[in-house]
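Subject: Structure handover

Hello,

Here is the structure I promised to pass on. Please open it first, then read my notes below.

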Amino acid sequence: MTTDSIISDFSDYLIYERRLSDKTREAYSRELKNYLLYLSRHNLQVDKILPSQMEEYLIARKNESSLENGTISRIVATLRTFYKYLESKEYIDSNPATLVDRPRIHEHLPKILSESDVDRILDAMKTDDDLGIRDWCLFEVIYSSGLRISEAVSLDLSSYLEDENSMRVFGKRGKERVVFLGERAKDALNLYLSDVRPRLLSKKNKKEPALFINRRGERMTRQAMHKRYHEVVERLGLDATVHTLRHSFASHMMMNGADVRSVQEMLGHSDIRTTQIYTHFNTSSLLSLFDKFSPLSDDDI
């Protein structure tokens with residue numbers, strides 16, 4: 001098989017079997033091409049490679065391009081996935097890339113807002129006009145359910161399951177999940193649906209399926225959501241994106257006793273390791289309480 005045909009078949013595997021995003025697929029295909037070219041230059045065979053030879057490749061890449069650990073980790077992930085693909089096709093008996101360690105990456109904790117700052121933002125959204133009530137409702141729902149902004153703009157009227165206080169959401173790669181609404185978000189949504197949305201609908205868009213609509217009665221865009229949000233946040237002097245509300249939702253859930261598996265389900269994370277980053281905030285919260293109330297705190301020494 002040629003290099004191009006191997007990459008093409010691997011790309012199909014990523015799309016149809018692994019269902020990875022276009023961005024991830026492109027990155028994996030690009031790294032695989034670099035790897036195959038390296039093997040060709042050094043007269044190494046794909047199906048006879050040793051873990052030690054893979055490590056030599058990683059060292060060569062790091063030295064040639066001064067790559068960061070994050071990029072090296074992605075290359076290792078590419079190799080593990082590629083050899084898993086070869087293993088599934090029975091081209092090899094075992095995956096040698098599993099014996100290659102990924103470098104440790106400095107963990108960057110996402111920015112979160114305090115519960116009081118979230119309240120300030122949501123309260124500032126709520127004005128007397130229809131668009132203000134819509135914005136207040138929209139961001140109450142995002143925070144209450146931990147939605148991504150792309151998920152929020154994709155919500156339809158049929159997504160809202162009023163009797164169950166929940167929303168049916170389609171996340172990354174079309175994965176469906178059910179998220180729940182708090183009382184504040186439910187009250188805001190019911191007010192929006194009964195009083196505001198009917199006024200925003202234009203005559204020609206009476207059958208618009210979108211849950212959140214603009215002044216023309218059409219589905220809101222991500223750009224419009226960002227604009228409305230940042231107008232309020234900047235006025236309050238806060239540094240936070242819309243996605244910060246999702247991070248804040250997750251960390252607040254953990255701080256208030258939710259277990260990591262439940263938060264994983266609510267966020268729609270396929271890998272629990274992605275969710276576990278929020279346990280750091282829970283630990284920090286417990287540590288601050290310990291420092292404040294412990295009989296061994298510095299104030300008592």
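Start with helix H4. H4 has 20 residues, and its first and last C-alpha atoms are 28 Å apart, close to the 28 Å expected at 1.5 Å a residue. Please keep in mind throughout that this is a predicted model.

Which residues of H4 are buried? They are Ile-72, Ser-73, Ile-75, Val-76, Ala-77, Thr-78, Leu-79, Thr-81, Phe-82, Tyr-83, Tyr-85 and Leu-86. Their cover includes H1, H2 and H3. After H4 comes Glu-90, with a positive phi near 65°.

Thr-78 sits in H4, which runs over residues 69-88. Its relative accessibility is 1%, so Thr-78 counts as buried; the cut-off for buried is under 20%. Setting aside neighbours within four places in sequence, Thr-78 is in contact with Phe-10, Tyr-28, Glu-31 and Leu-32. Tyr-28, Glu-31 and Leu-32 are also among the buried residues of H2.

H2 covers residues 22-41. It has 20 residues and reaches 29 Å from first C-alpha to last, close to the expected 28 Å. Its buried residues are Arg-25, Ala-27, Tyr-28, Ser-29, Glu-31, Leu-32, Tyr-35, Leu-36, Tyr-38 and Leu-39. What covers them includes helix H1 (3-16), helix H3 (51-65) and H4.

Two loop residues deserve a look here. Arg-19 lies in the loop between H1 and H2. Arg-19 is not a glycine, yet its phi is positive, about 55°. At 48% relative accessibility, Arg-19 counts as partly exposed. Is Asn-43 buried or exposed? Its relative accessibility is 72%, so Asn-43 counts as exposed; the cut-off for exposed is over 50%.

**Further along the chain**

Go next to Ser-159. Ser-159 is in the loop between H7 and strand E1 (160-161). With 8% relative accessibility, Ser-159 counts as buried. Beyond its neighbours within four places in sequence, Ser-159 is in contact with Ser-166, Met-167 and Arg-168.

Then Val-196. Val-196 belongs to helix H8, residues 183-200. At 1% relative accessibility, Val-196 counts as buried. Leaving out neighbours within four places, its contacts are Asp-130, Ile-133 and Leu-191. Val-196 and Thr-127 are 69 residues apart in sequence, with their C-alpha atoms 12 Å apart in space.

Helix H9 spans residues 222-236. At 1.5 Å a residue, its 15 residues should span 21 Å; the end C-alpha atoms are 21 Å apart, which agrees. Met-225, Tyr-229, Val-232 and Val-233 are the buried residues of H9. They pack against four helices: H5 (115-125), H6 (130-145), H7 (149-153) and H10 (242-255). Just after H9, Gly-237 has a positive phi of about 75°.

**The whole chain**

Step back for the overall picture. The chain has 13 helices and 3 strands. How far is it spread out? Its radius of gyration is 24 Å, well over the 19 Å that the globule rule gives for 301 residues, so the chain is more spread out than a compact globule. The C-alpha trace spans about 70 × 70 × 35 Å along its principal axes.

Of the 301 residues, 43% count as buried. Take the contacts between residues at least 6 apart in sequence: 58% of these join residues at least 24 apart. The accessible surface comes to about 17,400 Å², and 49% of that belongs to carbon and sulfur atoms. As for charge, there are 45 positive and 47 negative side chains. The centres of those two sets lie 6 Å apart.

That is the handover.

Best regards

Conventions
Residues numbered from 1 in each chain as written. Predicted model: local features only at pLDDT ≥ 70, side-chain atom pairs only at ≥ 80, totals over all residues. Heavy atoms only, no water. Rg over C-alpha atoms; globule rule 2.2 N^0.38 Å. Buried < 20%, exposed > 50% of the residue type's maximum accessible area, 1.4 Å probe, protein only. Contact = heavy atoms within 4.5 Å. Areas by Shrake-Rupley, 256 points an atom, 1.4 Å probe, with all protein chains shown as cover. Lys, Arg positive; Asp, Glu negative; His and termini not counted. Charge placed at Lys NZ, Arg CZ, Asp CG, Glu CD. Expected span 1.5 Å × (residues − 1).
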